[in-house]
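Hi,

Here is the structure I promised to pass on. Have a look at it first, and then read my notes below.

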Amino acid sequence: MTVTLEFLARELEAELHGPADVEVSGLGTIGAAGPHQLTFLANPRYRAFLENTSAGAVLLSADQREHCPVPALVVKDPYLAFAKASHFFDTAPPVPAGIHPSAVVDPSATVPESVSLGPNVVVDADVVLGEGTVVMANSVIGAGTRIGEQGRIWPNVTIYHGVTIGPRTTIHSHTVIGADGFGFAFNGAGWTKVAQVGGVRIGADVEIGAGTTIDRGAIEDTVIGNGVILDNQIQVAHNVVIGDHSALAGKVGIAGSSRIGSYCMIGGAVGISGHLEICDQVQILGMSLVSRSITEPGTYGSALPVDKQDRYRRNVARFRHLDELSRRVRRLEKARGGSSED
């Protein structure tokens, strides 16, 4: 799509500095964008690239405009404006409404004419699909599942029975929603499976990345709130609750029955133990292990950052003696008549 800067300024509520009739037809980075591409500057550390950019136009804040040698679109939040502008140049092909001849649709399913079902899609009994929903090739929608309007299910997604998904939710390839949770009771000689009789409830405007798994509840439902973002390869165990507008990066693992608040941000490969409570507006740094509840908003982390091998090995060796060192300090303080609270 080709658009003018006048169009972008109007749609993004930006202040245009430069010719209104300049056209852009794509997106680029601040360092590599060409004369027909739109870019942005959100981090002042990249200002050197701005001063030498060849972009057709740059989205930036007012304090950076004087350094811009090309047309500028001044906004309060350049990255947010860039996110909005990106949809004008989306390369995903349009999907026409209709049912592919190889799709299998149970007669009891509700499938409006505006829905698109791709090759080999299976829609089971009593499924209800909302207006404008797209289900791409080889995806399976289990019995009794409800999907709101304008949902987008990419190829090879499996949605089990009894799942409810809100409107405008996107689910990427190889995601599995509603598989059994990890529920087993030891019987003395082996394991007895606990039937997982709950479902999964997913809110509106949710984005679920490729290869993510969301288990059904053991008794009550697993719940994903409105506006939640789940990256690729995340594991959400049974009866987990994730509050509205929280964002989880790739390979996060959440054990059963933990509850995550709203507006939380959880970094990649974070592990969260079961039956914990994480309050609203918590940020957890990547690779951290959360083994107890978090009751106050803020930023938390536990993983050791990368270091030179020799120093890392020395620190690990010393860590093994930490308990012994603590006991020695306590004995010394006791001998001197002092005390230690740590």
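Let me start with Phe40: at 22% relative accessibility, Phe40 counts as partly exposed, since buried would need a value under 20%. Keep in mind that this is a predicted model, so everything here is computed from it.

How are the two rings of Phe40 and Tyr79 arranged? Their centres are 5.5 Å apart and their planes meet at 50 degrees, so the pair counts as tilted. Phe82 joins in as well, as ring pairs link Phe40, Tyr79 and Phe82 into a cluster.

The count of aromatic pairs comes to six. One of them is Phe182 with Phe184: the ring centres are again given as 5.5 Å apart, but the planes are at 65 degrees, so this pair is edge-to-face. Phe182 is exposed, with a relative accessible area of 72%, and Phe184 is partly exposed at 39%.

Back to the strand that holds Phe40. Strand S5 (residues 37-40) runs parallel to S6, and three bridges pair them; Leu38 has Ala57 as its bridge partner in S6. On to the next pairing: S6 is also parallel to strand S7 (residues 72-74), again over three bridges, with Leu59 standing opposite Leu73 in S7. Which residues of strand S6 (residues 57-60) are buried? Ala57 and Leu59 are buried on one side, and Val58 and Leu60 on the other, so both faces of the strand are covered.

Then there is an open sheet of 11 strands, paired in parallel and ordered S8-S10-S13-S16-S19-S24-S27-S30-S33-S36-S38. Its edges are strand S8 (98-99) and strand S38 (298-300), each of which pairs on one side only. Within this sheet, strand S16 (residues 152-153) is joined to strand S19 (residues 170-171) by two bridges, and Ile153 has Ile171 as its bridge partner in S19.

You will find Thr222 in strand S26 (residues 222-224), where Thr222 counts as buried because its relative accessibility is 0%. A polar atom of the Thr222 side chain lies 2.7 Å from the backbone oxygen of Asp215. Beyond its neighbours within four places in sequence, Thr222 is in contact with a list of residues that includes Gly199, Arg201, Asp215, Gly217, His238 and Val240.

Pro305 is another story. Pro305 sits in the loop between S38 and helix H4 (309-319) and is exposed, with a relative accessible area of 65%. From Pro305 to Val252 is 53 residues in sequence and 18 Å in space, C-alpha to C-alpha.

Last, the cysteines. As for Cys68, it counts as buried, at 13% relative accessibility.

Cheers

Definitions and conventions:
Residues are numbered from 1 along each chain as its sequence is written. This is a predicted model: local features need pLDDT of at least 70, side-chain atom pairs count only at pLDDT 80 or more; totals for chains, interfaces and linings use all residues. Side-chain values use heavy atoms; hydrogens and water are left out. Two strands pair if DSSP finds at least two bridges between them. Helices (H or I, at least four residues) and strands (E, at least two) are DSSP runs, numbered from the N terminus. Buried means under 20% relative accessible area, exposed over 50%, partly exposed in between (1.4 Å probe, protein chains only). A polar contact is a pair of N or O atoms within 3.5 Å; within protein, one must be able to donate a hydrogen and the other to accept it, and residues adjacent in sequence count only if both atoms are side-chain atoms. Contact means heavy atoms within 4.5 Å. Rings of Phe, Tyr and Trp (its six-membered ring) pair if their centres lie within 6.5 Å; planes under 30 degrees apart count as stacked, over 60 as edge-to-face and the rest as tilted.
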